[in-house]
Amino acid sequence: MTNLVTFHDEMPSLVNEGRAMDGVYLDINKAFDTVSHKILGKLMKYGLEEQTVRWIENGLNSRAEGIVTIGTKSSWQPVTRPEPQRSIFGPVFFNIFFNDLDAWTESTLHRFVDNTKLGGVAGTAGGCADVQRDLDRLEKWGDRNLMKFSKGK
C-alpha cells in the first residue's frame, strides 16, 4: 500500500507544477515461478558464502510434493517450479533477486513484489527519452536475470 500511495503522491505534485508525466505500470511474468536458479550466484554479491548458496540451491532443486486427502496419499512428485511461491524463503529470494532493479534508473521507480511503477517527467524530449531509456534498461535487466515483463498487461 505504501508503494502505491508514495507513487500517487509524487506524480500529482509534479502535475500540479505544470509538468506532464509518463507513468508505466510493469508486471513481471510469473515472477515467483520463474526466478532462475542460474542466477543464485547473485546471492554471493550480497555477502553469502558460496557454500551457503550451494546449500540453498540443493534445497531448491531437491524438492518433492504430494497430496493427502481423506487418508489417501499420492506418490511424491518432483517439484519443477524454480521457487516455491508460498515458502518462507520466497519473498526473501525475490527481494534479493530484484534488489538491483532500480540501481541505474533515471526515472522514479516504485516496486512492491513483482509490480513496478515507473514514472518520469514527459514535458520535454529529454524526459521522454529518460523514461524510454529506463524501459530499455529494465528489459535488459530482465534478459540478464532470465525474467520477462508482461507486455500484454
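Let's start at Leu-146, which sits in the segment after H5. This is a predicted model, where local features need pLDDT of at least 70, side-chain atom pairs count only at pLDDT 80 or more, and totals for chains, interfaces and linings use all residues. Residues are numbered from 1 along each chain as its sequence is written, and side-chain values use heavy atoms, with hydrogens and water left out. Helices (H or I, at least four residues) and strands (E, at least two) are DSSP runs, numbered from the N terminus.

**Positive phi**
- Most residues other than glycine have a negative phi.
- Leu-146 isn't a glycine, yet its phi is positive, near 60°.
- Leu-146 counts as partly exposed because its relative accessibility is 42% (buried means under 20% relative accessible area, exposed over 50%, partly exposed in between, with a 1.4 Å probe and protein chains only).
- Ile-70, also not a glycine, has a positive phi of about 45°.
- You'll find Ile-70 in the loop between strand E3 (68-69) and strand E4 (72-73).
- With 87% relative accessibility, Ile-70 counts as exposed.

**Ser-107**
- Look for Ser-107 in the loop between helix H4 (90-98) and strand E6 (108-112).
- Ser-107 counts as buried because its relative accessibility is 11%.
- Leaving aside residues up to four places away in sequence, Ser-107 touches Leu-118, Gly-119, Gly-120, Asp-130, Val-131 and Asp-134 (contact means heavy atoms within 4.5 Å).
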